[in-house]
Amino acid sequence: MTAKTSKPYAGNAPAGPLFVYGTLMADEKQQELLGRLCAAVPATLNGYKRHDGIWPYILPDADGLVEGWLLMDLTLDDLAILDDYEAITPQEVEGKTRTLYKREQILASDENGQERTCWVYHPLLEDWEQTWLAKE
């Protein structure tokens with residue numbers, strides 16, 4: 001993967017990098033949600049495995065490795081928008097009030113192998129329908 005650059009952002013304080021591994025990797029989704037493309041560098045998350053249910057999610061796996069991007073130029077306002085998209089607070093999702101993900105800090109490795117503290121969205125599977133989960 002090759003690093004991506006973005007236009008400078010106007011707005012509030014930097015929020016730190018966000019490790020993305022699913023829909024937020026897509027340029028179109030970033031443009032739709034944030035109105036711009038984010039600067040991004042390839043990254044990996046060790047000790048997790050990606051699952052592809054109705055939405056992508058990660059779960060701990062001692063032997064796992066998840067490839068993704070570190071979005072580097074996010075503001076606190078951007079994170080608020082992405083938190084809403086990821087349903088980290090209760091909201092109506094497919095006819096029921098649910099909280100789908102939580103945002104936490106974690107260590108990911110950038111393309112140079114340097115560990116970086118970043119945000120990541122973890123699933124709250126207790127609010128997910130069984131039909132939304134990946135089939136093993």
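## Surface and charge

The protein chain has an accessible surface of about 7,300 Å², and carbon and sulfur atoms contribute 50% of that area. These values, like the others in this report, belong to a predicted model.

The protein chain carries 12 positive and 23 negative charges. The mean position of the positive charges lies 2 Å from that of the negative charges.

## Confidence of the model

The average pLDDT of the protein chain is 90, and 91% of the residues reach a score of at least 70. In residues 5-10, however, the pLDDT falls below 50. The model gives this stretch 12 contacts beyond near neighbours in sequence.

## Secondary structure

Two helices and seven strands are present in the protein chain. Their order along the sequence is β-α-β-β-α-β-β-β-β.

## Overall dimensions and packing

The C-alpha trace of the protein chain extends over about 40 × 35 × 25 Å along its principal axes. The radius of gyration of the protein chain is 15 Å, which agrees with a compact globule, because a globule of 136 residues would have a value near 14 Å.

Within the protein chain, 43% of the 136 residues count as buried. Among the contacts with a separation of 6 or more, 67% are between residues 24 or more positions apart.

Note on methods:
Residues numbered from 1 in each chain as written. Predicted model: local features only at pLDDT ≥ 70, side-chain atom pairs only at ≥ 80, totals over all residues. Heavy atoms only, no water. pLDDT = per-residue confidence, 0-100. Contact = heavy atoms within 4.5 Å. Helix = DSSP H or I, 4+ residues; strand = E, 2+ residues; numbered from the N terminus. Rg over C-alpha atoms; globule rule 2.2 N^0.38 Å. Buried < 20%, exposed > 50% of the residue type's maximum accessible area, 1.4 Å probe, protein only. Areas by Shrake-Rupley, 256 points an atom, 1.4 Å probe, with all protein chains shown as cover. Lys, Arg positive; Asp, Glu negative; His and termini not counted. Charge placed at Lys NZ, Arg CZ, Asp CG, Glu CD.
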